[in-house]
Each structure stands twice: as C-alpha cells, then as structure tokens.
Amino acid sequence: MNEFTFDLPTSWRHGSGMASRTGEIIKEFGCRKTLLLTDRFLLEQKIIGPVLKSLDSAGIEYVVCGEIDEEPTVRFFDYLADTLDLKSFDSILAVGGGSVLDVAKGLAVVASFGGNIRDYNGFDKVPAVPDQKIIAVPTTSGTGSEVSDGVVLIDEEKNTKFLVISKKICPAAAITDPELTRSVPYRVAVCSGIDALVHATESFLSRDASIITETFALKAVELLTKNFKQAVADSQNIHARESMQVGATMAMIAGMNSHLGLCHALAMPLCAHYHMPHGQACGMVLPAVLQYNAEAENEKVVRLLKTMGLYDDEIGEDATQDRAYEKLNAFLAEISIVSKLGSFGYRDEDLSGIAEATLESAQTPTNPRKPSKQDIADIILKVT
Ligand SMILES: [Fe+2]
C-alpha cells in the first residue's frame, strides 16, 4: 500500500433541517459575533431564514453582507476586505454557493494576517489557521468548498483564475442541509453536479490517490451518478438532492487529499478563454480524458465506468468500454452539457495556448498519465 496523509480539518454536520442548528454550532466553537456572508438571491428569497432564526435563538450577534456575486473578482474581494470591519468578528458564516464560501475563507485570511489577498496567492502561503472560525453552509452541491482548502476568485488583470490553496483555511465546520438546495435552478445544479462528479473521478485516478481517498471517491461517484438526473430535473426530489449533496462533499474530501487531474487542468484555460461555467468545462472533456487515462490505468477506469452504471459485461472488453464512453456522452448530452467548443467560439489559433496552459497547470502532475503538449491538443481536438 502507498504511504498517505489524509486530512479532514472540518467538522461535517449533515441532515435535513441542520441549517436551523447553525447558531448552536457556532456557539459550540466558542464564537459569539459572526459576519454572515451570502448572496442577494438567498437573502431576498428568505432561504436563509432558518439560519437567521438559529443565530437569534443562540444569542449570536451578526452582521449580514449579502453582496457576493456569482463569481467574485479580486477587485471585488478587496472592496469587501476594505469596507467590512473584519477584525470585530470571531467567525465568518458563509451561506451560499462555492463563491460565497471561498470569499469567507479569503476574508478570514486577510483579517487574521493582514495585507492583501494577492500576498497569499498560490500554495501554502497562509501562515496559520485564521483567528476567525469559518462556518460553511453550502446551498449548491458541487464545489465542495465547505470542506476544501481552496479559494478561487477571478483575476481580472490577468484574465485567469486566482487561487489560494492551504489546508489552514479549511472551514471549521461544514453544515450541509438538503433543504437549502431546493432553490438551485437546473443549469446550476447540472454544472455543479458535474464538477463534483469530475472531482470524484479525478481523485480516484490521481497519482496521489490512497485507499482512503479511493473509498470516498468511488462512493461519491455512485451517489452522484445514481441520483443525477432525478436531482437536476426535480428540485423537490429531496432524496436525490441529498444524495448529490453528500456525494459532492465526499468527492472534495477525496479530491483535496489526492489532488485532481487533466479535466481540471484543462478547465482553467477553457473557462478563461470561453467564459463557460467550470462544471461545463470539466464535463465536456471528461470522456476524452477518461479514454486517454485508460491507457495507463485501464482497470481503474473500468471500475469507474462500472460504478457509473455505464458498463455492459456481455460483450468483449474493448467493445464494452467504447460503448461505455458512448453512454457517458449520451448522459452528458441529456443533461445539456455542451459537447463542442465551437459553440463557445473556439478558434484554431487558440489550441496551442490552451494546451500550453494545461501542461503547466498544477493539476497536471497528478494525472495518472503524463501528457505531452500534443496529447493535450489531441484531447482538445476531440471536443472541437
Ligand atoms: Fe472543480
């Protein structure tokens, strides 16, 4: 068995109605005054009502900031850091999608250690666990930010994503309540769900995978694929939405501990060039990347395809695997993941730059097969 390190710094509390215990959970962590970050929609629709009520009944003092955009930029982050009296809070409660949760982690870092968020850009630049406890209440099922070690913002100066990665910034608590996911619209549910599925598949195949991460990843693949269509089609199917939610958090627990691979490496330049949702980018390259990785890890890819319910045993192995990719493509088409880059304005002259950026990505070295620039270009050409 390979050596491994497995970290889960976050206390994960899950259950229907769990959001109404947020106040007592914050209190349990010794906190009394929290900055509540959320987005306008959740605030206006009163979806965070149970959270607010729980803060009141637990006697937690709070200030609400409901200004977080869908994908915040570094400039917007700086504006928040400058205008909020961050040091006056002992905790930051984030209720929303991955962006809201990521902003909370970033604000805790600058509140505790000073400077600008750009000072912490990259890997392991955060000196210690921030003073402000981060309590994460996700309302979408996908990014896994409620347990992850990452902050992702848009770097508008460089037209790329801005990352802060450190296990020191994992939330103190993740509160997952399936009731909060009822309001997630179809397209958001699809893109975030596919993102989670790709976290699970890439973690399972990663060079840094361990027996622990493989166990989490494979169960996540099962929960996500078995419930995907029902969960996105019917926001009131709480059983399916709960399975997706638990699967998404499990996928990131695996992903954070094993790192990801080529789909995520490709997604970064694809999103920067064509401004598509992250889950759309990950999903559209998944079949081609799995096929590419099967050359190095055929047995594991087959296990994934079987767990996804895409494998027929009755015909020869190659034919079966080809059929599984066809079924995967059909599944992605059915849930409206666009399969061709042409729909986003792809130009032949973009190919080299995207392949180069993918090759240099921090996520490429843990891909099970070491790609050349030409290998990456070939994968891109399959989706043009
Ligand atoms: Fe992702």
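The model is predicted, so local features are reported only where pLDDT is at least 70 and side-chain atom pairs only at pLDDT 80 or more, while totals for chains, interfaces and linings use all residues. Residue numbers start from 1 along each chain as its sequence is written.

Begin by selecting the six strands of the open sheet, whose order is β1-β9-β6-β4-β2-β3 and whose pairing is parallel; strands here are DSSP E runs of at least two residues, helices are H or I runs of at least four, and both are numbered from the N terminus, while two strands pair if DSSP finds at least two bridges between them. At the edges are β1 (11-14) and β3 (61-65), each pairing on one side only. Inside this sheet, β2 (residues 33-37) and β4 (residues 91-96) are joined in the parallel sense over four bridges, and threonine 34 can be picked out opposite serine 91 in β4.

Next, select the open sheet of three strands, which has the order β5-β8-β7 and mixed pairing. Because β5 (122-123) and β7 (150-155) each have a single partner strand, one side of each is left without a neighbour in the sheet. Between β5 and β8 (residues 160-165), which run parallel, there are two bridges, and the bridge partner of phenylalanine 123 is isoleucine 165 in β8.

Then select α7 (residues 211-233) and α8 (residues 238-258), which pack at an angle of about 150° with their axes 7 Å apart. The two helices are therefore roughly antiparallel, a term for angles over 145 degrees. The residues that meet include Phe216, Leu223 and Leu224 in α7 and Met244, Val246 and Ile253 in α8, contact being defined as C-beta atoms, placed from the backbone, within 7 Å.

Finish on glutamate 214, which lies in helix α7. Glutamate 214 has 18 C-beta neighbours inside 10 Å and therefore counts as partly exposed, the class between buried (20 or more other C-beta atoms within 10 Å) and exposed (12 or fewer). Leaving aside residues up to four places away in sequence, glutamate 214 touches Phe204 and Ala209.

How values were computed
Axes fitted to C-alpha atoms, helices over the stretch in contact; angles between N-to-C directions. Parallel < 35°, antiparallel > 145°, perpendicular 65-115°, else oblique. Contact = placed C-beta atoms within 7 Å.
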